[in-house]
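The following exercises are to be worked through with the sequence and the structure at hand. Each task is followed by a solution in steps.

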Amino acid sequence: MASAAGCGAEDTGSGGDGYRISLIVGLKGDDFYGSLACGARQAAKKLGVELDVQGPNKWDAAEQIPILNSVIAARPDAILIAPVDDTALQAPLEQAAAHGITVVLVDTTVKNPSFAVSQVTSDDELAGEKAAEEVIRLTGGTGAVVTINTQPGVSTVAARVRGFEKRLAQEPGIEYVGERFAGDDAAKASSVVTSTLAAHPNLAAVFATNTLTGQGAATGIRNAHKSGEIKLIGFDANPSGVQALRDGSAQGQVVLKPLDIGAEGVEQAVNALSGKPVTKLIRTGSFVATKDNLDDPETQKYLYRESCTGA
């Protein structure tokens, strides 16, 4: 399908047959998932389907599973979901499919996604490679580099790290000191910078795999009085990430395209329900935002927003 270009596309009212679709995001109130929901709402309006959006208050399988079970009990025609854990959500989602509900995985996935009619996700491994390219460019390919990740078991961030490490391994001048887990805790991410800098005074760059690790890394670099000297490449173009680019706390942010993920997810669900061809795996694009390209229209279109007026 043509990717969603904004939040106010014309409603063609075609093809939906009154289907009911539930979207369960990974985290309610999050800007990335706000943009994903915006794309889903836009596509739902265009295709004439009913869409509701729900999500947990924190990134926690124990919070997302009851929401999923409640949605299953309501028997929608399709569920779009971003599983917060690739193991814990496996059985509940298999149960949804066993009840005849069409399941589309958006953004994240599970260990065995065979029950899903489609998966729509970023090419996170390629995005990680792009982050590494930016680190190499900014550092001249020298110095120590650390990755600050969230937690094991999250498919998307694991793929980002794989891509990052694969590309970085090709640079002999880079001393890669490994991956550190900080949870979704900015304070822990800040302390990772402090401890890494103590052990590696030649620390040249930090790769942060999501919003909160990026916020914490920026704080840690600032506390060390090395803003701009230690390069920070983050992930997720939410308002705090954008501000970090503007004020120089970060030198790059890898921008995914959740707007497109939501729109493609709804279209694949409707295709499956109406007997049209379905694409089993769709990978959406990414790019690196910098202070120099931040105000370009194409960059602005994909910056993450919690809400989308007119969608």
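A residue is called exposed if its relative accessible area is over 50%, and buried if that area is under 20%. The model examined here is predicted.

**Exercise 1. Determine which residues of helix 2 are buried and which are exposed, and how the buried ones are placed around the axis.**

Step 1. Helix 2 comprises residues 61-73.

Step 2. The buried residues of helix 2 are A61, Q64, I65, I67, L68, V71 and I72. Because they cover an arc of only 165° around the axis, they lie on the same side of helix 2.

Step 3. A62 and A73 are exposed on the other side of helix 2.

Step 4. The packing partners of the buried residues are strand 1, strand 2, strand 3 and helix 3.

Step 5. The two ends of the helix remain to be described. At the start of helix 2, a side-chain oxygen of D60 comes to within 2.9 Å of the backbone nitrogen of A62. Just after helix 2, R75 has a positive phi of about 50°.

**Exercise 2. State the strand order of the open sheet of 6 strands and identify its edge strands.**

Step 1. The order is 2-1-3-4-5-11, and the pairing is parallel.

Step 2. Strand 2 (50-54) and strand 11 (281-284) are the edge strands, since each pairs on one side only. From one strand to the next, the twist averages 15°.

Step 3. One pair may be taken as an example. Strand 3 and strand 4 (residues 102-106) are joined in the parallel sense over 4 bridges, and A78 stands opposite T102 in strand 4.

Step 4. Helix 3 packs on the sheet, where it touches strand 3 and strand 4, and its direction makes about 145° with that of strand 4. Helix 1 (residues 31-47) lies across strand 1, strand 2 and strand 4, and runs at about 165° to strand 2.

**Exercise 3. Decide whether D86, D107 and H225 are buried or exposed, and locate each of them.**

Step 1. D86 is in the loop between strand 3 (78-81) and helix 3 (90-98). Its relative accessibility is 12%, so D86 counts as buried.

Step 2. The side chain of D86 forms a polar contact of 3.2 Å with the side chain of T87. Apart from neighbours within four places in sequence, D86 is in contact with T109, V110, K111 and G153.

Step 3. D107 belongs to the loop between strand 4 and strand 5 (118-122). With a relative accessible area of 5%, D107 is buried.

Step 4. H225 is found in the loop between helix 7 (211-223) and strand 9 (231-235). Its relative accessibility is 73%, and H225 therefore counts as exposed.

**Exercise 4. Describe which way the residues of strand 12 point and how strand 12 pairs with strand 10.**

Step 1. In a regular strand, side chains alternate between the two faces of the sheet.

Step 2. In strand 12 (residues 286-289), S286 and V288 point one way, whereas F287 and A289 point the other way; all are buried.

Step 3. Strand 12 pairs with strand 10 (residues 252-256) in the antiparallel sense over 4 bridges. Within this pair, L256 stands opposite S286.

Notes: Residues numbered from 1 in each chain as written. Predicted model: local features only at pLDDT ≥ 70, side-chain atom pairs only at ≥ 80, totals over all residues. Heavy atoms only, no water. Buried < 20%, exposed > 50% of the residue type's maximum accessible area, 1.4 Å probe, protein only. Polar contact = N/O pair within 3.5 Å; in protein donor to acceptor, adjacent residues only side chain to side chain. Contact = heavy atoms within 4.5 Å. Pairing = 2+ DSSP bridges. Axes fitted to C-alpha atoms, helices over the stretch in contact; angles between N-to-C directions. Expected span 1.5 Å × (residues − 1). Arc of directions from axis to C-beta.
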